[in-house]
Amino acid sequence: MARELKEVQGIVFKRQKYHEADLLAKIMTQNNGIITMIARGALKPKSKLSAALLNFSYGTYVLYTSGQGLSTLRTYKNIKQFDGLFSDLTKNAYASFILDLIDHAFTEYQSLGKYNDLAVFALQKIDQGADAEMITQIVQMQLLAAYGVEPELRHCLVCGRDQGDFDYSIKQGGILCSQHFFTDADRLHLNPKETAVLRTIGLLPYERLGSIQISKNIKHSTRKAIDRIYQDTIDLNLKTKKFLDELNLFV
Ligand SMILES: [Zn+2]
């Protein structure tokens, strides 16, 4: 495929040294999916490319690209940074995990569609100091569909009831009403409030979930539930997740 010069808007989220003085950086873009860029000579003292490739920088990046493999960073414009994400260890860990999740749900250059907006929304919120744990759980629940897991959260999988007390069944892929708990002995055994939170954050448009207030206990339970849903259905084993779990031991 022919290489062309292209301007993309995006957020840098992973970087690593490459060869002597080059940098590889991943960028999540609005229309061109996730791109790995090589910035040649970026680590040389006189290079200006490096500063535009700090984690959680965003703006316009001008690339030589063929729409596959490595693209080459030529220059950039109007680069800003999510300062909160860059400097706060906890915010950084949550944001890195979110972008890692997005990264694994899509192949390179595959358009992210609404999930780009979801990720940008989440990063902005966390950067501004919103409840990072809750924002991350929202992303996790809404991203299940991108992984091909679309849990039924609207009504009981067996009878279709949509009012009452529910629990979550990983085996059956969604919620069960109390009359049908018996159909899965291994259901998550959540209390109705906890299942209600999973339903809400999985179903409602994320813009409306920005300021949702959840008690610590419930948040802890829904986190464990979401972790199990991911483990049992997708099994990613992400380093960013492990790091986040380690951090939270001390919270
Ligand atoms: Zn039922």
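This report walks through a predicted model, from its overall layout down to a few single residues.

## Ground rules

Because this is a predicted model, local features need pLDDT of at least 70 and side-chain atom pairs count only at pLDDT 80 or more, while totals for chains, interfaces and linings use all residues. Residue numbers start from 1 along each chain as its sequence is written.

## The overall picture

Reading from the N terminus, the order is β-β-β-β-β-α-α-α-α-β-β-α-α-α. Along the principal axes, the C-alpha atoms fill a box of roughly 65 × 40 × 30 Å.

Of the 251 residues, 37% count as buried. Here, buried is 20 or more other C-beta atoms within 10 Å of a residue's own, exposed is 12 or fewer, and partly exposed is in between, with C-beta atoms placed from the backbone. Take the contacts with a separation of 6 or more: residues 24 or more positions apart account for 55% of them. A contact is two residues with their C-beta atoms, placed from the backbone, within 7 Å.

## Two domains

The protein splits into domain 1 (4–81) and domain 2 (85–248), with bounds from an automatic or database domain assignment. Their centres, taken over C-alpha atoms, are 30 Å apart. Where they meet, 17 residues of domain 1 are in contact with 15 residues of domain 2. On the domain 1 side, strand 1 (4–18), strand 2 and strand 3 each give two or more residues, and strand 3 has the largest share, three residues.

UniProt, in an unreviewed entry, lists residues 7–82 as "domain: DNA replication/recombination mediator RecO N-terminal"; its positions are given in the numbering used here, feature names are shortened, and annotations may be inferred rather than shown by experiment. That stretch is 0% helix and 61% strand, with its end C-alpha atoms 21 Å apart.

## The barrel and its loops

Five strands close into a barrel in the order 1-2-3-5-4, with mixed pairing; strands pair if DSSP finds at least two bridges between them. Neighbouring strands are turned by 50° against each other on average, direction ignored, using lines fitted to C-alpha atoms as axes and angles from 0 to 180 degrees between N-to-C directions. Strand 2 (residues 22–29) and strand 3 (residues 34–39) run antiparallel, joined by six bridges, and M28 has I34 as its bridge partner in strand 3.

Two loop residues stand out for their backbone. H19, in the loop between strand 1 and strand 2, has a positive phi near 50°; H19 is exposed, with 11 other C-beta atoms within 10 Å. F56, in the loop between strand 3 and strand 4 (57–65), has a positive phi near 70°, but F56 is buried, with 22 other C-beta atoms within 10 Å. Most residues other than glycine have a negative phi.

Strand 6 (residues 166–169) and strand 7 (residues 174–177) pair antiparallel over four bridges, with Y168 partnered by I175 in strand 7. Four residues lie between the strands of this hairpin, where G173 takes a positive phi near 80°.
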